[in-house]
Amino acid sequence: MAKSFYLTTPLYYVNAEPHVGHAYTSIAADALARYRRLCGEDVFFLTGTDEHGQKIEKVAREKGLEPKAFADRLVPKFKETWQLLKITHDYFIRTTDAQHERAVRALFKKLYDQGDIYKGVYQGWYCVPCESYVAENELDKTQKPPVCPACQRPLEFSKQDNYFFRLSKYQKPILKYLESEPRPVQPPMRCNEMLQRVKGGMEDISISRASFGWGVQLPNDTSQVIWVWFDALINYISAIGYPDNTQKFKQHWPADVHFIGKEILWFHTVIWPAMLMAAGLEPPRRVFAHGWWTMNHDKMSKSKGNVIYPKEAIARVGIDGLRYFMLREIPFGMDGNFSVEALSRRYNNDLGNDLGNLILRVLTMIKKYCQDKVPQVADKKSPVTQVLQKATHKMGQAIAQGMNELQFHTVLEAIWVAINQVNKYIEDAKPWVLARENPERLKDVLYGLAEALRIIACAISPFMPDTAEAIFEQIGLSGEKDKIKLPEGFSWGQIPSGVTVKKGKPLFPRQDD
Ligand code: MSP
């Protein structure tokens, strides 16, 4: 059986409801999953929730609940949000699933039995919000108690008997991995960051915790639970059958892309590949770290109280409006500021003016000059529409390249370049003049415009699925969205003459601030 295209999001902590920062990782992964499906690939798209650890236990207790009961309340919020945002994951894993816990214990046992895990004493600092150990040389000692270099929150000191993973043993293989071509960690600056850090030295890490109980118990020592990161990372293989279902595992592993935020690079590009190497498994093919959404230039996060929830944004600009904004506004990999003004601006300009008006103009003209029907033409590839043919062809090429490089903003830019070329074509071709002076040419022009709309609907479909569907419906191809195949769908001359267009309501009614 051919290997699938396997992509993942991180598992979201269930300490609070997802905000647009979380939605970002899922929307990006979803756009890729949808695109790859349109390209005919067998896609497996995984997401889920990270439910163990001290942070979740603490929040649950504050609410007077057992951690599992607390997680059970939050998980539906994630599922509902992903449904609302039209996220098309194939599987939703919870780290409290019995199959996952079994996989975690199995991997722990394997590494322990072969000597890659050993018992020692951990003495040092721990960041509960990041669920991360902080090494002595990373501490900012000017603050008392010292704060986490990643999130700036106070650290906890602990001294306990723990189990350690021999991370240091994997320094050379990890360097080789990070330096391999094509580079598995992207964008390149993130890969370089990790290379520098690995070259600076890798120490063994504690992978168990003794001071609390909410986690997967060690198979050999019930006084400890497995460190939540060691536990959660294993989801990427437990969800595809590790260790029992080898056929399913082979079908999917290695992951083609792990989508993550930049703050969790070390876990995904150093610790995780080392765990896999120790288990005799291949590391992921690609890990892409995106940047942060900020509010007034501070990372959007629940603890700072500066979050926007998907529902709030959707109330302003709709589901596709939010999906479009997030992937267009900032280059994928960089940080960007989220503001209601920017959201409305993109919606009104790019969606309302550029795309919305284009659809409206084309449909109005087909209605007025061709009795609602895409005209019959002598030549579907008439030279009269060469400008349009070239524009959409170039767009198709840019999409293929941008999607390979996971540069979603360049893909959307390329689509909008095409949209604006089509708008300009209308100005130049002046169909309203042709209606009086050259009815044959008018037919070619309007056929070309309807065809351009079809191709644009194919192009935006991974990003704005509802809009793509609405365009198909309006150009008389209702139900065709589900039949799109790429890149074939980008080739010119496919819209049948004679289909009846249905001018509907404007897709993007103006939004005032
Ligand atoms: N539970 C860990 C991941 C374990 S994966 C084995 C975790 N969870 S998280 O809920 O804190 O973050 C999940 C994802 O949401 C990360 O990719 C993170 O970058 C993303 N975001 C959370 N806030 C964000 C912003 N403000 N901006 C962009 N992405 C952000 O880490």
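Predicted model: local features only at pLDDT ≥ 70, side-chain atom pairs only at ≥ 80, totals over all residues.
A polar contact is a pair of N or O atoms within 3.5 Å; within protein, one must be able to donate a hydrogen and the other to accept it, and residues adjacent in sequence count only if both atoms are side-chain atoms.

View 1. Residues are numbered from 1 along each chain as its sequence is written, and side-chain values use heavy atoms, without hydrogens and water. Backbone N or O atoms lie 3.1 Å from a ligand oxygen at tyrosine 13 and 2.9 Å from a ligand oxygen at glycine 261. At methionine 300, a backbone N or O atom is 2.9 Å from a ligand nitrogen.

**View 2. An edge-to-face aromatic pair, tyrosine 24 and phenylalanine 332.** Ring centres of Phe, Tyr and Trp (its six-membered ring) must lie within 6.5 Å to pair; planes under 30 degrees apart count as stacked, over 60 as edge-to-face and the rest as tilted. The structure holds 34 aromatic pairs. In this one the centres are 5.7 Å apart, with 70° between the planes. Tyrosine 24 belongs to helix α1 and phenylalanine 332 to the loop between α11 (310–329) and β15 (336–337), so the pair ties together parts 308 residues apart in sequence. Helices (H or I, at least four residues) and strands (E, at least two) are DSSP runs, numbered from the N terminus.

**View 3. Charges over rings at tyrosine 126 and tryptophan 292.** The criterion is NZ of Lys or CZ of Arg within 6 Å of the ring centre and within 35 degrees of the ring normal. Arginine 209 lies over the face of tyrosine 126, 3.5 Å from the ring centre. For lysine 299 over tryptophan 292, the distance to the ring centre is 4.9 Å.
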